[in-house]
Amino acid sequence: MKSVPPSGPRSLQVEIVISELLRWGVYGSLLLLVVGTVVSFLHAGSYGSAGGSAADLHRLITSGATFPRTLSWLGHGLLQCQGQAIIVAGLLLLIATPVIRVLVSIIAFAREKDRAFVVITTVVFLLLMVSFALGKTG
Amino acid sequence: MTPLFFTLLVAAISLSAGVLGSLVGVGGGIIVVPALSLLLGVDIRHAIAASIISVIATSSGAASAYVRERITNIRLAMLLEIATAAGALTGACLAAYISGRWLFILFGMILSYTSWSMLQKKKTAAAVLPPDPMADSLRLHGSYYDRALGQEVTYRVARTKLGLAVSYVAGTVSGLLGIGGGVLKVPVMNLAMGIPIKVCTATSNFMIGVTAATSAAVYFMRGDVQPFVAAPVAVGVLLGAKLGSRLLGRLPNHVIRLAFVAVLLLSATQMLWKGLR
C-alpha cells in the first residue's frame, strides 16, 4: 500500500513556517508600537502633557534633527521604559522580520532538499547584506 | 492640531493606505508621503523614511495570510527577488550619475501606457502561453483557492526570463527614484507571464517588504526614522494590510485590476509632476 506523503505538496512546510514567522513578527511589532505610543503620551515628556499642544506638534514634526539611534541609547531607554525606546524596538522588529524571513526560508528549502532554491534564497540574502553595507557607508 | 490628534489622523490615513497597498501589491508610499509632507507639513526626510516603514508594514501585515492561503507564489517571489535586489544595487550606484528628472518623465509615461494595457486585458480571454522550460525546471507553476470564484485556480508561469529582466529594471528604477517596484512587477507578471492578478499582487506584496527592509535599515542608521511619525504610520498600515488581506480572496478579479490601475495612474501622475515641475 502506498503511504500518504506527510507534508502534502512541496514547499508547503516553507509556507507554513514563513506564515507563522510573519504573524508573530507583526503581532510583536504592533504590541511594542502601541505600548510605546501610549507610554509616550502618558509620561508628560517629549509629546507634551494631556495630548500635547500645537507647539509640541510643530517641534516634533519639523525638527530636522536626526534621531538618536545608538544601541546603548535603546538599551538605556528600554530599561527606563521610555515610550520612544519601546517604539524604536517595535520598528526594529518590523524591519528585521522580512530579513529573518529570507534566512528562515533558506533553512526550510534546505530541509526539503530543494538545492536550486537554497542557492536562490542565499543569493537574495547576500544581495540584501551587500546593499545594506553599501547604503550604510554611502 | 495636537500631537494626539496628529497620531490618530496619521493612523487613520495609514490604515487606508495599508488596505489599498495590500490589495494591489504596492507599498503605501504614494499615499503616505504626500499625506505627511504636503498635508501635515512633516519634514520630507521623516516622511520618506516613514513611507519605507509603511512598505514593510504593508508586506508583512498581509503576507502572512496570503502565504498561508497559498495566493503568494513564494518560489517565484524568491527568484524575482534576486533580479530586484541586483537592480536596486545598480540603481543606487547609478543614482550619482543620472538625472532623476528625465527618468521621472520616462517612467511616468511608461506607467500611463501600462495602466492602459492593464485595462485592455479585462476584455481579452486567456491567451495561449508559450512553454517555458525554466519555469518547469524550477517548478514555478502553482494553484490557489479563489474564494470569489469558489474554486481552485491552477495556473502556469511563462516568460520567466522576461519577468527577471523587468524585475531587474524595476529594482534599478526603485533604487534611482526611490519608488517601490510593485507598479512594474505586477503588470509584467500579469500581462507577460500569464499569472492571475491576485497571485501577482500577493507575490509582489511579498517581495516589496524584502527590498524595503534594507533601505529602511539604512534610513534608520542615518537617524531619519522619527518614532513619533513612524509609529502611527506602522500601526495604521499593519492593521490596514491585515484587513486588506482578508478582502483579497473574496473580491472579484476585475475589482483588484481596477484598483491597481487607479494606483498606477496616481503613481504616473506623481512621477510626471516630479519630472515636469
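**View 1. The order of elements in chain A.** From the N terminus on, chain A runs α-α-α-α-α. That comes to 5 helices and 0 strands, where helices (H or I, at least four residues) and strands (E, at least two) are DSSP runs numbered from the N terminus. This is a predicted model, in which local features need pLDDT of at least 70 and side-chain atom pairs count only at pLDDT 80 or more, while totals for chains, interfaces and linings use all residues. Residues are numbered from 1 along each chain as its sequence is written, and chains are lettered from A and ligands numbered from 1 in the order in which they are written.

**View 2. Where chain A meets chain B.** Here 56 residues of chain A are in contact with 56 residues of chain B; contact means that C-beta atoms, placed from the backbone, lie within 7 Å. On the chain A side, helix 1 (12-42), helix 2 (54-62), helix 4 (83-111) and helix 5 (115-137) each supply at least two residues. Helix 1 of chain A gives the most, with 15 residues. By class, this side of chain A has 32 nonpolar, 19 polar and 5 charged residues (Ala, Val, Leu, Ile, Met, Phe, Trp, Tyr, Cys and Pro count as nonpolar, Asp, Glu, Lys and Arg as charged, and the others, Gly among them, as polar).

**View 3. The largest nonpolar core.** Look for B:Ile53, B:Ala216, B:Ala230 and B:Ala234, which touch the most other members among the 128 residues of this core. Helix 9 (residues 197-222) of chain B brings the largest share, 15 residues. A nonpolar core is a set of buried Ala, Val, Leu, Ile, Met, Phe, Trp, Tyr and Cys residues joined through C-beta atoms within 7 Å, and a residue is buried if 20 or more other C-beta atoms lie within 10 Å of its own. Leaving aside neighbours within four places in sequence, B:Ala230 is in contact with A:Leu91, B:Ala49, B:Ala50, B:Ile53 and B:Val225.

**View 4. Helix 2 beside helix 3 in chain B.** The axes of helix 2 (residues 29-39) and helix 3 of chain B come within 9 Å and cross at roughly 155°; axes are lines fitted to C-alpha atoms, for helices over the stretch in contact, and angles run from 0 to 180 degrees between N-to-C directions. The two helices of chain B are therefore roughly antiparallel, the word for angles over 145 degrees. Among the residues that meet are B:Val32 and B:Leu36 in helix 2 and B:Ile48 and B:Val55 in helix 3.

Notes:
Buried ≥ 20, exposed ≤ 12 C-beta atoms within 10 Å, placed from the backbone. Contact = placed C-beta atoms within 7 Å. Parallel < 35°, antiparallel > 145°, perpendicular 65-115°, else oblique.
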